[in-house]
Every structure is written in C-alpha cells, then in structure tokens.
Amino acid sequence: MNGEAMRDQWYPVGIAAQLTPAGRDSLLLGEAIRIACDSDGAALVTDGAGRALPVITRFGHVWTTLGQPERDLFTIPEADQPGRRLVDVGTVLVRCSPLRAVENFLDIAHFPFVHTDILGSEPHTEVQRYEVEIRDDVDEVWATKVSFYQPQAAKSAQGGINAEYMYRVPAPTCSVLYKTCPARPEEWDVITLFVQPLTETTCQVWPWMALFDEDSSMTDMIHFQQMIFVQDRSILENQIPALLPLDPGMEIPTRADMTSIAYRRWLKRHGYTYGAQLVAA
Amino acid sequence: MSSERFLIEGELSAPGFQRWLQGHARRIGISAQIGRADADAVLVTVDGPPALLDAMEMACLLGPIDVWVESVTREAA
Amino acid sequence: MNWTPAALSQDIPSGSAAPGQLGDKDIVIWRSASGRIAAWSDRCPHRGMRLSHGFVRGEFLSCIYHGWRYGDGGQCHRIPAHPELTPPDAIKVPVFAVTESDGVVWVAQKDAEPEAPPPGLAGFSPLRTLRLSARPETVAAAFGGTGLDLRGELGGCAVVVLIQPLPDDQCNLHALAANGADTATLDRVSAALEALRRQAETAEEIAA
C-alpha cells in the first residue's frame, strides 16, 4: 500500500448514535470493514475476516484502525465545554483523494468563489499573511492569525465580520478549524473534518462541530454545514491529478497556500502517502 | 521588483534538484541564479515581484520527492 | 493533421465554458462576452482545477476555485488572493488552435495547426451532438460511409455527421441537417441518429 505509515492511524467510520446491530459494510484504506454495534449499543468494527478491530468512540463518531497506533486519538478540549452544541453533520461520499479533502478544508482563498456570499465575497479576496508551523511537541500542523472578511460566517452570525481562524491537522486525514464565534467573541467555534479513506481516490467525509449557538436549530446548523461541503465537493471531484501531488512542480502554490504546503511537507516527512502522488503532475 | 538570497537547507543531494529549482522559477516567471550547492545547502539568488518570491519559497519548501527541505531562509540581496 | 470537430457553436453560448476533448487531452471550450471562441487545456496552473467549471466575465475565463483570471492566449491576468501582483507572462494556460465555421467549433494542437480550413458545411445547419460507445469505423460502417466526415441521408433528410474520436473506443457525433428542414423532419433525423447509435454500439459489442 502506498503510505504504509497511514495504517497505524485512527480513522472515523461512523456516527456513534447511528450504529445498528445489523451493521453496514464499508472500506478503509482499500480493505473491507463492517461497522455495527453489540446488544449494549457499543461500537463493533470488524475486518474482512470477521476479526474485531480496535475501536474508540469520540466526538460523536466511531473510530477504528487497521494497524497499531502509537498514540491515543487526538483530543479537542473545547469540545467538552458546557453549553456547546455538538453537531454530527452527517457523512458525504466524495470521489477524491482523502488528502485532497483535507487540503481543501485548510484553504481560505476559495471562499469568495466557492462559498460566495457566505464565507467570502468579491472584492474581499486578498489573503493576508498568516502564520504556519509544524509543532514538533505534538507533531501537528497549525496555522494561526488567519483572518478573512465573511458576509455570513456562521448560521449564528448577523451580517459580515472579519472572521479569525486557526487550523490544526492532528492526523493525516483530520483537520480542526477554530473560528471566531459570533455569539461569544472570546471563544472559538470548533468545526472539524474527519475523513475516512475508502480508497486512494474515494473517501467518506464526516464533518462535526462544537458550537456556541443558542438560536439555530440543529437542522439549520446541519444544513448550513452540508451546503458548504457540497459546494466543496464539486471542486474536489474535478481537480487534476486525482492524487495529491507532493511535488508542486506542475502547480503554482502562492503564499496564500502556506497551510497546504505545510500539510504536504508534514505528510511527506511521515510517509503519509496513501492518496498522494509522489511526482509532479 | 526585489532581489533576495534564499538559503535552502535540508537533505538536498538528489540529482536534478537544481534543474527542478530553475524549472520552477521559469514556470512562475522569475529569475533564479544558483550559487553554492552542497548536499545540505543550496544558495539561490532570485529576482522578481515580492508575491512571486513568496511563491518560489512555497514551492521550495516542498521540493521534489527525493529532497527534504528543512528550511528556507531569505534575506535581501 | 486535420481539424477535429469539438462542439457545435450553439452549445457554447457567449459567456459560457464547457468541457471538450482533443484525442485524450481534456480541453475547455469557452466563448467570451463578445463572442470570441477559445480552446485551452482544461486545467488551471494554480492547483489543477478544471477550467471548464469556471466562469466567464467579459473577455476573461476565471477558475472557479480561487478566481485566477485568464485572457487572450491563456495569459493569467489576476490572482485574487494577491491583488497587488501583476501575473508574469510565464503564468498561462496552454492553448489549442481553434476555428469556427458553419456552426461547428474545430480544434487542433497549437503547434500543428492545419493549413487548410475545415470542411465546408454550406447548406447545412447544426442539429445536435451525440456521444457513443463505439469506434469511428464502426459508426461509419453502420452509416454506410467511411472516414470521419459522413455525408448522406438520415430520416429522409440530407445530413452531415462529423465524427470526433475519443479515448476508450468512444466518439462524439456532431450532426447537421439540410437547411430549411422543418421540425417534424428534424425530429426524424434525431430519431435516426439515435438508431444509428444503437446500431453502432450493438455492432461494437458483438465485435468485442
């Protein structure tokens, strides 16, 4: 398998509240798995031979692995704050590399064009310089001091604001976005994209959110996030090449793409290449 | 227009890295003059508008697959 | 080399872009606000997004992903994330040779632009394009002709059927019918084209 190192990672494979004893079939890194629950409702994930795989239930989702992860699944402390609405957005199947799905989630320059009049609008297209680092202590990619003018930054926002962002990549196919919370400006809203690699060119994305929003209905919050994601899907399924290039020789990354470059460097350093293309294309 | 020196450091001994650097500079329309080139450091003098020098830095940070770039340090030339 | 038919003019209205192919190369065929047709590589040099999903404003085609804007000759004119930058000449989309006549858009490799113009189609009006899962020679045989420029009758009407070869044993048929044919006749031609498709695809399956 391209990217053997990715075997020893935790991946999302379902929503904890939606498990059934009958279960359903899926794929993980090209291999068959089955996601179900036992008679007590506890998650049960098995491989193609029927062997039970390790399971963690966290962030409203069921996580599993085909290998032996060295560490526990990452944590998001903000998610445990009282008063937060925890939203299982619901999965979307995308015909793209799992790594491309994450890279798109880290990108802001597309907001005025793909999420027009919601997350961005012309002429507010300039991407100001921001900061990116690979934090060696936790081995995660972080982008901070990102700001962008948004006409409707969240379901709870009234009118346009200059949204502040932080991006975090704690695992090869997961990203956490911390974003200005319109209802409580001293807190961050948390929006995540957990990606299940089915094959190198197909994935199941599992978005999840932990927000301070007392007014919006769960349905409205879900629809807002699903709408955003479906707009991204039309991009993700039409990028060439299908695999994420780790050599930018046929692309022109600019300073606005700094988070993506840091993500690709981090993937390259770790050998996380399932869904990646090693040469320029 | 700016002129800068990029000090690229890392594991850079793969053949073709210098050609890759020149190729990318050409692709984005800036000039790149390679000075010292060792297995762990390459010095490139680049000329172009600031936004394109930033773009060159972005590409250099990744580089071709058989090269590992640890850092790119920039200074005005 | 000859010109390859890639689309009917009526299917690329002003201010629109559509995907096309020249052999195995993906291209974007687009028409500016002033009506100028162009055929470029269907890939934005920034991060590989298909330009055929982009939007046309005035004389420019912009990529839908980050709004990189391209004009005459595939030249990049603006990078919205860096508005202060005048993009250098080096940043451009590879272009294809394109010509338009008698309601058909024809393309060729830029460095292999045919000297002769495309075949004349005077007396015919564009009808429709059909995609087939059959090789050009199978289609020609089913029609009762040879080559990529079939002339004859379908549905009792004089027609021109231009074959555009595609990869994987597929092709497009760009069909034109004699000027002045009424709606009922055109409906019969259309039905006959679909019958031709079924015939060719069946023949292709049997041959396989």
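The contact between chain C and chain A takes 23 residues from chain C and 28 residues from chain A. The model is predicted.

**The interface**

Together, chain C and chain A bury about 2200 Å² between them. Carbon and sulfur atoms account for 51% of that area. On the chain C side, C:R43, C:R47 and C:Y65 lose the most area to chain A. These three residues together make up 34% of what that side buries.

C:R47 forms a salt bridge with A:D257, and the closest N and O atoms lie 3.8 Å apart. C:R47 is also among the residues of chain C that lose the most area to chain A. Across the interface, 16 residue pairs are in polar contact, both residues being at pLDDT 80 or more.

The residues of chain C that touch chain A divide by class as follows.

| Class, chain C side | Count |
|---|---|
| Nonpolar | 10 residues |
| Polar | 6 residues |

**Chain C itself**

Chain C has 208 residues, and 50% of them are buried. Its secondary structure consists of 2 helices and 14 strands. The C-alpha atoms of chain C fill a box of roughly 60 × 40 × 30 Å along the principal axes.

Terms used:
Residues are numbered from 1 along each chain as its sequence is written. Chains are lettered from A and ligands numbered from 1 in the order in which they are written. This is a predicted model: local features need pLDDT of at least 70, side-chain atom pairs count only at pLDDT 80 or more; totals for chains, interfaces and linings use all residues. Side-chain values use heavy atoms; hydrogens and water are left out. Contact means heavy atoms within 4.5 Å. Buried area is the accessible area (1.4 Å probe) that two parts lose on being put together, summed over both. A salt bridge is a side-chain nitrogen of Lys or Arg within 4 Å of a carboxyl oxygen of Asp or Glu. A polar contact is a pair of N or O atoms within 3.5 Å; within protein, one must be able to donate a hydrogen and the other to accept it, and residues adjacent in sequence count only if both atoms are side-chain atoms. Ala, Val, Leu, Ile, Met, Phe, Trp, Tyr, Cys and Pro count as nonpolar, Asp, Glu, Lys and Arg as charged, and the others, Gly among them, as polar. Helices (H or I, at least four residues) and strands (E, at least two) are DSSP runs, numbered from the N terminus. Buried means under 20% relative accessible area, exposed over 50%, partly exposed in between (1.4 Å probe, protein chains only).
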